[in-house]
Structure formats: C-alpha cells, structure tokens
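Please examine the structure shown below together with its sequence. The paragraphs that follow lead the reader through its pockets and its ligand.

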Amino acid sequence: MMKIMVIHGPNLNLLGTRETDIYGSLKLKEINNSLKVLAKELGVNISIYQSNHEGEIVDLIQNAGDYSAIIINPAAYTHTSIAIRDAIAAVKTPAIEVHLSNIYSREKFRHKSVIAPVALGQISGFGPEGYMLALRAAAHISNAKKNRPKKKTS
Ligand code: DQA
C-alpha cells in the first residue's frame, strides 16, 4: 500500500485555540482524524507527525525515502528554513506544501516561501480542507507514477 507522510510544523499543535480568527477552531487531532478517514477511502497509508523543532523535521524528511509523498505545513519555518528546503531537495520523495491561511494575503514576511521552489505544489488559504486536497493530490500523483509504463510504447 502506498505510504504518505504528513508533517505539521511548529505551533500547529495549538490549533483550535491559536489565533482562531486566522486558523479556525478545529484542533489538530480533528484534522488528523479527517485525514485518516480520507486516507482509508483513498486506500493509502498515512503517518502523521507534528514537531516544533526544525532539526526534527529535517530528520523526518530524510527518513521519508520509502514514502510516495510528503505533505508538509512547515508553518513559520516556511519563511526561514533553508535546512528544511534543502532536506526536501535532497530526497526523491515529492513534497506538497500546505498552509491553512492564504500566506499571500497576510503580512509581507509571510509572502515568501523558501519551500515553494522545491515543492511539487502549494495549497494555501483553504483551511483544514487544504490538507484533504493535498492528500488527494498525493494519492493521485503517486498512482500516476505507479501506473506509468516503464517504456514508451509508441
Ligand atoms: C501557516 C502560515 C505561516 O505563516 C504561519 O507561521 C503558521 C501557519 C498556515 O498554515 O497558514 O504557523 O503555515
């Protein structure tokens, strides 16, 4: 079964109480439960992690070798972490970047993502639904890869 890794970055453990006007009232646990339900529906295996520590996130990415895709909300590290960017660039596993809020409609310092250039794609501004869209995209691209013919037939 196809494996997908989900990584939630710093402060996302506080969802549900943290700046609810921006991030909504759903707790991380509730988002994770919805992800697990959708994963079952899509027939994929997901492993979900949350970390407030940059190096720990780097370690997770480095160990994602046997996963088909990484779904990552790097949170504040989106705007600063060359280490996380380099880890994504270093592994073959494609990464999908997710943000609950629309980072481009907020403070200027959030407009720049150092992750985006090494991500397969970015989903920003759809709240928790963004994770579901990312999971669908991850399952889709992984399937497409799996079913791709090895040799050109024409
Ligand atoms: C965030 C946006 C980041 O700018 C912020 O630092 C976060 C959450 C989002 O999901 O909207 O912690 O990644």
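**The pockets and the ligand**

The second largest pocket holds about 160 Å³ of space. This is a predicted model, and the description below should be read accordingly. Lining the second largest pocket are 15 residues, and those nearest its centre are Tyr23, Ala75, Ala76, Arg106 and Arg110. Sorted by class, this lining comprises six nonpolar, five polar and four charged residues.

Where does the ligand sit? The ligand is placed in the second largest pocket. The residues around the ligand include Tyr23, Ala75, Ala76, Arg106 and Arg110, which are also the residues nearest the centre of that pocket.

Particular atoms of the shell can now be considered. In the side chain of histidine 79, an N or O atom is 2.7 Å from an oxygen atom of the ligand. For histidine 99, a polar side-chain atom lies 2.8 Å from an oxygen atom of the ligand. Alanine 76 takes part through its backbone, where an N or O atom lies 3.2 Å from an oxygen atom of the ligand. On its own, the ligand has 320 Å² of accessible area, and the protein covers 99% of that area.

The largest pocket remains to be described. Its volume is about 180 Å³. The largest pocket is lined by 11 residues, and the closest to its centre are Tyr67, Ser68, Thr93, Pro94 and Lys145. The lining of the largest pocket has three nonpolar, four polar and four charged residues. The ligand, as stated above, sits in the second largest pocket.

Notes
Residues numbered from 1 in each chain as written. Predicted model: local features only at pLDDT ≥ 70, side-chain atom pairs only at ≥ 80, totals over all residues. Heavy atoms only, no water. 1 Å grid on protein atoms, 1.4 Å probe; cavity = no way out; pocket = protein on both sides within 12 Å on 5 of 7 lines; lining within 4 Å. Points joined across faces, edges and corners; volume = space filled by probe spheres on them. Nonpolar A, V, L, I, M, F, W, Y, C, P; charged D, E, K, R; others polar. Near = heavy atom within 4 Å. Polar contact = N/O pair within 3.5 Å; in protein donor to acceptor, adjacent residues only side chain to side chain. Areas by Shrake-Rupley, 256 points an atom, 1.4 Å probe, with all protein chains shown as cover. Sits in = over half its atoms within 2 Å of the grid points.
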